[in-house]
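Open the structure in your viewer and show it as a cartoon. Follow the stops below in order, selecting the residues as they are named.

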Amino acid sequence: MNAKANNTIDKVRELQRKLYLSAKTNKKRKFHSLYDKVYREDILLKAWKQVKANKGSGGIDDMHIDDVIKYGENKFLKEIQQKLIENNYHPKPVKRVFIPKKGGKKRPLGIPIIKDRVVQMATKIVIEPVFEADFKEYSYGFRPKHNQHQALDVIRKKCNNKGWWVLDADIKSYFDNINHDKLMILIKQRVSDRRMLKLIMKWLKVGVMEDGEYKESEMGSPQGSPISPLLSNIYLNYFDVVWDKYYKHLGTLVKFADDFIVISRTKKEIYHAYNAVKKIFKRLELQLHPDKTRFVNMWDGKEGFDFLGFHHRRSLVENGKGQRYHTTIQVPNQKAMKNMRRKIKEVLGNRSNLKMDMYDLVQIMNKKIVGLKNYYNLKYSGKQLNKIDWYIIERFTIWYNNKKQRRPRHRGVKEVMNKLSEIGLRKLSS
């Protein structure tokens, strides 16, 4: 990385640090000069780099990342900058696509055009530090220096410290039911820059294109845009603030984006916590999903719950000295196991990869394995990850036999295992 690029990063970080410290020092301060930061050359450049790194498909104009590169990245950013300076920037409707969910249902995503993604990312870079100063410790999703493993660690410790009852909650169609007016009230508590507020409102009201038909946006914030996770966190921060002020004695709140649980000591506390959540959500015009929200008794290990890709349950375990004790174990849940197999099959089941050398394919798989291992390899995950390791061997065997045009497809597993071991195939379990 050259000196100019380093200098650009340093300037952006310095701005973010100043905004964060200013907001943290004065909890009532409103920021009135933010819009002009959005079109700063260094901010737009950083925003573009993040959008480019995230890749993703094109919006309604069908312009892709490669098209921008061919067009000229600097020229592209200069045009965006000019539009913003002249107050002549108008976002395009987002493209509505659907991705499969468990049970045959589909989740809607809204894909903005690349130009809008860059402006949204630039806006996020500028305003996120201001709101970060207000966010509570309960929230771990889509925040700098916060992640799933921190949330998982809190869950394990609280459940092991007499956290016998859990409210396993689900917000009904959260992103579709964010009230625009109430969200803007929450944003205005920190931002008084009219141009910035107008910019955010444009994205909320921009509408969607689905099957060539335009639909207005009266409610909600479409998932899939760079600004959406931050707006989601701002809206649900009201939940965190009220919980912290009035209800934290009822239990520990652990939240990742719109997914959350509450861990309490007694059945009485968890029922009070449930009623408190409903009361707060009524102010936000949100509802708990009646079929997906439940109370879990962790006391005897007969019940457990799924959260952040893991199944959580009390279990009797044995340490290296042969001592047995009860603890909360966290292992990849069934959905996670299915997703891991799917990702592996996408590589090893792809017929176009039959032309590849085994060594090259192992290098591709190793990157996948390291990524999965970094997330799923917790203390008690060995049994589940061993199953995935074996599945990888099976898929490699099928690939190898197809490449050699041998039948049956599962023939010579040991031979393939030896070859993979020599090449250096990584393992998920350790």
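Begin with an open sheet of three strands, whose order is 9-10-11 and whose pairing is antiparallel. The model you are looking at is predicted. Select 304-307 for strand 9 and 324-332 for strand 11. These two stand at the edges, and each has a single partner strand, so one side of each is left without a neighbour in the sheet. Now look at how the strands are turned: neighbouring strands of this sheet make an angle of 40° on average, with direction ignored.

As background, strands of a sheet pair through backbone hydrogen bonds, either parallel or antiparallel.

Both kinds of pairing can be seen at the next stop, strand 1. Select residues 94-100 for strand 1 and residues 106-111 for strand 2; these pair in the antiparallel sense over six bridges. Within this pair, Phe98 has Pro108 of strand 2 as its bridge partner. Then select residues 208-210, which are strand 4: this strand runs parallel to strand 1, and two bridges join them. Here Val94 stands opposite Val208 in strand 4.

Now colour the chain by domain. The domain assignment gives domain 1 as 12-133, domain 2 as 137-179 + 219-331, and domain 3 as 333-423. Keep domain 2 and domain 3 on screen; their centres, taken over C-alpha atoms, are separated by 33 Å.

How many residues of domain 2 are in contact with domain 3? There are 15, and they touch 10 residues of domain 3. The two domains bury about 1000 Å² between them, with 59% of that on carbon and sulfur atoms. On the domain 2 side, select His149, Phe310 and Val331: these lose the most area to domain 3, together 44% of what that side buries.

What holds polar atoms together across this interface? The rule finds zero salt bridges between domain 2 and domain 3, but five residue pairs in polar contact. To finish, select helix 7 (148-160), strand 10 and strand 11, the elements that give two or more residues to the side of domain 2 that touches domain 3. Strand 11 gives the most, with six residues.

Methods: Residues numbered from 1 in each chain as written. Predicted model: local features only at pLDDT ≥ 70, side-chain atom pairs only at ≥ 80, totals over all residues. Heavy atoms only, no water. Pairing = 2+ DSSP bridges. Helix = DSSP H or I, 4+ residues; strand = E, 2+ residues; numbered from the N terminus. Axes fitted to C-alpha atoms, helices over the stretch in contact; angles between N-to-C directions. Domains from an automatic or database assignment. Contact = heavy atoms within 4.5 Å. Buried area = accessible area lost by both parts, 1.4 Å probe. Salt bridge = Lys/Arg side-chain N within 4 Å of Asp/Glu carboxyl O. Polar contact = N/O pair within 3.5 Å; in protein donor to acceptor, adjacent residues only side chain to side chain.
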